[in-house]
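Work through the exercises below with the sequence and the model side by side. Try each task before reading its solution.

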Amino acid sequence: MEEFDVIVVGGGISGLICAYTLAQKELSVVLFERADIGTKNVSGGRLYAHTLRGIEGLEDFDTACERAIVCEKLGFMDDESTFMMESRTTLSDDKFSNSYSVLQNKFLNYLSNKCEELGVMVASNVLVDDLLVKLENGEIVKSSSLNRALSSNESVVGIKAGEDEMNAKYVVLAEGLNSLLAQSIDLHASNDGNNSFIGKNYALGIKEVIELPVSSRFALNDKEGLAALYAGKASDYLMGGGFLYTNENTISLGCVIGLGRNMNKKSHEIFEDFKNHPSIAPIIKDGKTLEYSAKLVPEGGFNAMSKLGANGVLVVGDAAGFCMNLGYTVRGMDLAIMSAKNAALAISTAINENKNALEAYKVNLEKEGSFLDFKQFNQVGEFLEHNERMFNNYPKELNILMKSLFKIDGKSEPIKAKVMRFVKSIGVINLIKDAWKGSKVL
C-alpha cells in the first residue's frame, strides 16, 4: 500500500495551509476534499492576514482577496432603528497588518494551486469514510468501529475512502466543525466535556453573497473595504448578530444565531427579518443574490477546544474549535491558519527529529500571540452567553436614547434626564455588574 508522510483531510483554509507548509518541509502530502475546492466551504469572509506572515511563497496572497478593510462599523439594532458606531482608517504599507474580505472559492483555489506547485496531491471529490487505527496487538481497524478515544498504545496509521485504503505517518483532520472522523476517536471540539455536539457553544451562520455596485454604495475607493457587525434585532435579540463585508463587486451579508436556546422563529426567518430591516433593505435594494450558504460555527472558545490530537493524528481549524467571538469582531480564519501551520511544523519536527507531534504542536501554539489571545479571552463567550442584556436590552435602549438625544421638537428636557432614563431602563446595578464583568473577561 502506498504510504505518504502526511494525509490531510479537508480542503478548507486550515487543510490547505497545513498541506502547503508540510510540502515546504519536503514531506510527501496528499489532501482529500469531499467536493471541488472552495464549493463546500463557508465563512463570514474576513481574513486577518498576520498569520500568513513568514509563510514563504504566499507573499502575493492579497491578489486572491477582495478588499482591504478600512472602515469598521458596529451597530445596535432594534426593530426599526440602528445606532451605528464607525471608525475609518488608512491602510498599512505592511499588508500583513491589514485585514481583507475574502470569497472562499477564489482564495481556496489560490491556495490549492500553490499546494500543487509544491507537489501536494490535491484529490477533490473524495470522501474519506474512516481512519485506520493500529491497536495494541497490531490489528488495523476502522475508527468507526471503535468510536472512542485512542489509548496511548494505539495510533492512526491511515485512511479509508470507499474501497481504497492509504497509509501515512500522520493524518491531519481539517474537516470543519462537524468532523465525523474527529468524533469517531473523541477528538472533536466539545461544548461541555461529555461529547455533546450541538449545544450552547455552537451557532448557525447563514450568508448570502449579493451582487451590487460596492464602491459607490459604500463611499469606498477601489480595493477599500468595509466590515460591519450588528447586535440585537439582527439575531432576533438572541446571542449572535449580523455581519456585512464588502467584496470587489458583491457583499457578504449574513447572521449568526446561537444554538441551544429557545428561538421564537426559524433561523431563515431571522435572517430574512435582518435583510428587511430598515437599515439593511436600502443597502441591498436591486442587488442580485449569487450564493446562499450556511454552516455551524464554534463559539465555545478555548474552553471548548478539542484535545488537538493523538498518536498519528492532529486536529486543526474549526474541527479543533479555533474560533473566537469578542463581540466587536469575530476571528476564525487567522486562528485556522495559525493552527494549521503549527501542526505542520510539529509533524515535520516529529518526523525529522523523532519527537512527539502532539506535544510539539502544543508547544508551538503557546508561542503564538493569536493562541495566547484565544486563551486570554476564554471567558468572553461565557460572559455573552449568560448576559441576555447584551443582545436585547442594550440595543433597544441605546436606540431609544439616541432618538431622544437627536429629536428636537420644541419641548425642553435636560440631556441628563434622557441619559438617566437609559440608566434606569438597564438598571444601575446591572450596568455596574456588566462593566465589572466585561472588564474582567477582556
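**Exercise 1. Which strands pair with β15, in what sense, and over how many bridges?**

Solution. This is a predicted model.
- Step 1: Start with β14, residues 240–246. β14 pairs with β15 in the antiparallel sense, over 7 bridges.
- Step 2: Pick one bridge. Gly 242 is partnered with Cys 255 of β15.
- Step 3: β14 and β15 make a hairpin, with 3 residues between them.
- Step 4: Turn to β12, residues 202–211. β12 and β15 are also antiparallel, with 9 bridges. Here Ala 203 has Gly 258 of β15 as its bridge partner.

**Exercise 2. Which residues touch the most other members of the largest nonpolar core?**

Solution. 
- Step 1: Nonpolar side chains tend to be buried together in soluble globular proteins.
- Step 2: The core has 97 residues, and Leu 52, Phe 107, Ile 159, Phe 322 and Tyr 361 touch the most other members.
- Step 3: Find the main contributor. Helix α8 (residues 333–353) gives the largest share, 11 residues.
- Step 4: Look for another core. A second, separate one has 29 residues, including Tyr 230, Ile 257, Ile 270 and Ile 283.
- Step 5: Among the contacts of Leu 52 are Ile 17, Phe 61, Phe 107 and Ile 337.

**Exercise 3. Why is the pair of Phe 371 and Phe 374 classed as tilted?**

Solution. 
- Step 1: Count the pairs. The whole structure holds 12 aromatic pairs.
- Step 2: Take the geometry. The ring centres of Phe 371 and Phe 374 are 6.3 Å apart, and their planes meet at 45°.
- Step 3: Apply the cut-offs. Under 30 degrees is stacked and over 60 is edge-to-face, so the rest are tilted. At 45°, this pair is therefore tilted.
- Step 4: Phe 371 is buried at 4% relative accessible area. Phe 374 is buried at 1%.
- Step 5: Widen the view. Phe 302, Phe 322, Phe 371 and Phe 374 form one aromatic cluster.

Conventions:
Residues numbered from 1 in each chain as written. Predicted model: local features only at pLDDT ≥ 70, side-chain atom pairs only at ≥ 80, totals over all residues. Heavy atoms only, no water. Pairing = 2+ DSSP bridges. Helix = DSSP H or I, 4+ residues; strand = E, 2+ residues; numbered from the N terminus. Core = buried A, V, L, I, M, F, W, Y, C linked by side-chain atoms within 4.5 Å. Buried < 20%, exposed > 50% of the residue type's maximum accessible area, 1.4 Å probe, protein only. Contact = heavy atoms within 4.5 Å. Phe/Tyr/Trp six-rings, centres within 6.5 Å; stacked < 30°, edge-to-face > 60°. Lists of a residue's contacts leave out its neighbours within four places in sequence.
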